[in-house]
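Subject: Structure for your files

Hello,

Here is the structure I said I would pass on. My notes on helix packing and salt bridges follow it.

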Amino acid sequence: APEKQDRIAQETMEIYAPLANRLGISWVKIELEDLSFRYIRPREYQELADQLGKTLKQRTKFIEEVSSELSRILQERGMKPKDVSGRPKHLWSVHKKMVSKSLPFEEVHDLVAFRVLVDNIGECYEALGHVHSLYRPVPGRFKDYIAMPKPNAYRSLHTTVIGPGAERVEIQIRTLDMHA
């Protein structure tokens, strides 16, 4: 029944998604949020899913190009990243940003995020320096969760830069241990 779906979705958003986040299981958190969003706000969910679907091909190509460029640049500068990958941001995350900043979909520019995995903490900061020399950092959009971990022990460097095509790009840099 719709009432039961709404109650379960609300409970999932309030209890289970935050619990998954607290436990450091972000992929579960993301899936729970997107599934709950679909039932809590079905119209907004469908509109956003349709809009993101229209740009999926572009974003996929962009992810491939930027991942390759980041990997190549880091290797040219003597680093050996374990992995450089990108992903589209999930629906609930995009929706929250639109609501909190009162933005229409067309003005949300960071619809993708990238992850660079390296061997040690020193390489995290070295990779950050290379990223900032390649792309211009966005002021106020840098977080050092290595020096100051989140309460759930999450550790990573987060930066937002102006990437190819003047697109805002979020990049997370962490070690393999931090990622695990």
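Are E170 and K89 buried or exposed? Both are buried, where buried means under 20% relative accessible area, exposed means over 50% and partly exposed lies in between (1.4 Å probe, protein chains only).

Before the rest, the conventions. This is a predicted model, in which local features need pLDDT of at least 70 and side-chain atom pairs count only at pLDDT 80 or more, while totals for chains, interfaces and linings use all residues. Residues are numbered from 1 along each chain as its sequence is written, and side-chain values use heavy atoms, with hydrogens and water left out.

Salt bridges

The structure holds 8 salt bridges, a salt bridge being a side-chain nitrogen of Lys or Arg within 4 Å of a carboxyl oxygen of Asp or Glu. Three of them are described here.

E170 and K89 form one, with the closest N and O atoms 2.9 Å apart. E170 lies in strand 5 (residues 168-175) and K89 in the loop between strand 1 and helix 5 (91-100), so this pair ties together parts that are 81 residues apart in sequence. Helices (H or I, at least four residues) and strands (E, at least two) are DSSP runs, numbered from the N terminus.

K82 pairs with D119, the closest N and O atoms being 3.5 Å apart. The loop between helix 4 (56-76) and strand 1 (83-88) holds K82, and the loop between strand 2 (112-118) and helix 6 (121-134) holds D119, so parts 37 residues apart in sequence are tied together. K82 is partly exposed at 45% relative accessible area, and D119 is partly exposed at 43%.

E47 and R43 also meet in a salt bridge (3.1 Å, N to O). They are 4 residues apart in helix 3, and therefore separated by about one helical turn. E47 is partly exposed at 41% relative accessibility, whereas R43, at 51%, counts as exposed.

Helix packing

Helix 2 (residues 26-40) and helix 3 (residues 42-54) pack at about 120°, with their axes 5 Å apart. Axes are lines fitted to C-alpha atoms, for helices over the stretch in contact, and angles run from 0 to 180 degrees between N-to-C directions. The two helices are therefore oblique to each other; under 35 degrees counts as roughly parallel, over 145 as roughly antiparallel, 65 to 115 as roughly perpendicular and the rest as oblique. D34, F37, R38, Y39 and I40 of helix 2 make the contact with P42, E44, Y45 and L48 of helix 3, contact meaning heavy atoms within 4.5 Å.

Regards
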